[in-house]
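Here are my notes for someone meeting this structure for the first time. Have a look at the sequence and the model first, then read on.

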Amino acid sequence: MWKEIENKYGVKKGLYALVLKRVIDFLFTLVGFVVISPLFLVLCVLVRCQLGSPIFFKQKRTGKDEKTFEMIKFRTMTDARDLDGNLLPDTERFTKFGDFMRRSSLDELPELLNVLKGDMSLVGPRPLYPFYVPYYTEKESLRHSVRGGITGLAQVNGRALCKWDDRFTYDVEYVKNITFFGDIKVLIMTVKKVLGKADIGVPSVTEEGGLHIIREVQRPETIKNIEDDPNMPKFVQGVE
């Protein structure tokens, strides 16, 4: 499937994209994880004390070959509930500590575990929700011919402020031009963005609405392949 789509849109992967990228991802992440392990452990303790248990927040995302995996992050909200036992609105469960974790991107450090497992890459198209799969055009689906990344070309060109069409254009551009030095450049730009707190604010993707809201289904044949997801819109599940 992917070979045909790649040929159709002129994607030619070299040795780095096909073999070396995964090897370098694993080795670089393993060394990096050992180096930051003291910080990681401190954050685990702080999250447990400030926000409760479990420490990690897991959410289904779509990865390589459109297979679903669980993305791991530090939790950024409490489990505060009302008198009836129902969770309070997100705004009431979101704390200053959680806000700090998100704005500093420290909540995403556990995604390094996803890289070690092979679910993700350090650099690649950002993994999105499984129920978005039918809304990608055939060309945009190229984002799933590679492992999704902790960061990517779209993230260093606007992060969540990118509109959907622009984000997918960057994703396809990345897939068509994967190189070692290109990945290094994206990583350096990501560090600068995070340290400079750039592109942090109300994202335009939120202003546009979810992809399923602003678009019609592009590939109806993929709807049957989506796993049940609590975030999935009812009409995607075939419910009127």
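The points below go from the overall picture to single residues.

1. **What you are looking at.** This is a predicted model, where local features need pLDDT of at least 70, side-chain atom pairs count only at pLDDT 80 or more, and totals for chains, interfaces and linings use all residues. Residues are numbered from 1 along each chain as its sequence is written, and side-chain values use heavy atoms, with hydrogens and water left out.

2. **Confidence.** The score here is pLDDT, the predictor's confidence in each residue, from 0 to 100. Its average over the chain is 86, and 87% of the residues reach at least 70. Where is confidence lowest in the chain? That would be helix 8 (residues 204-208), with a mean of 57, while strand 3 (residues 120-123) has the highest, at 97. Where pLDDT is low, the predicted coordinates should not be read in detail.

3. **Overall layout.** Helices (H or I, at least four residues) and strands (E, at least two) are DSSP runs, numbered from the N terminus. The chain has nine helices and four strands, and going along the sequence they come in the order α-α-β-β-α-α-α-β-β-α-α-α-α. Contact means heavy atoms within 4.5 Å. Take the contacts between residues at least 6 apart in sequence: 72% of them join residues at least 24 apart.

4. **Inside and outside.** Buried means under 20% relative accessible area, exposed over 50%, and partly exposed in between (1.4 Å probe, protein chains only). The chain has 240 residues, and 45% of them count as buried.

5. **Cysteines.** A disulfide is a covalent bond between the sulfur atoms of two cysteines. Here the test is a pair of cysteine sulfur atoms within 2.5 Å, and the count comes to zero. Are Cys44 and Cys162 buried or exposed? Cys44 counts as buried because its relative accessible area is 13%, and Cys162 is buried too, at 5%.

6. **The second largest pocket.** Some terms for this one: on a 1 Å grid over the protein atoms alone, a pocket is an open set of points where a 1.4 Å probe fits, with protein on both sides within 12 Å along at least five of seven lines, and lining residues have an atom within 4 Å of a point. Grid points are joined across faces, edges and corners, and a volume is the space filled by probe spheres set on the points. The second largest pocket comes out at about 200 Å³. It has 13 lining residues, and Ala17, Lys21, Lys64, Val146 and Arg147 lie nearest its centre. Helix 2 (residues 15-51) supplies the largest share of the lining, six residues. By class there are five nonpolar, two polar and six charged residues in the lining; nonpolar covers Ala, Val, Leu, Ile, Met, Phe, Trp, Tyr, Cys and Pro, charged covers Asp, Glu, Lys and Arg, and the others, Gly among them, are polar.

7. Most residues other than glycine have a negative phi, and most peptide bonds are trans. Which peptide bond is cis? The one from Ser53 to Pro54, with omega near 0 degrees; Pro54 sits in the loop between helix 2 and strand 1 (56-62). Asp65 has a positive phi of about 60 degrees without being a glycine, and Glu66 also has a positive phi, near 60 degrees. Asp65 counts as partly exposed because its relative accessibility is 30%, and Glu66 is partly exposed at 21%.

8. **Two buried residues in loops.** Gly152 lies between strand 4 (148-151) and helix 6 (164-176), and is buried with a relative accessible area of 0%. Setting aside neighbours within four places in sequence, Gly152 contacts Val123, Gly124 and Val186. Asp107, in the loop between helix 4 (96-103) and helix 5, is buried at 7%.

9. **A buried residue in a helix.** Asn114 belongs to helix 5 (residues 111-117) and counts as buried, with 0% relative accessibility. Beyond its neighbours within four places in sequence, Asn114 has contacts that include Phe69, Ile72 and Met120.
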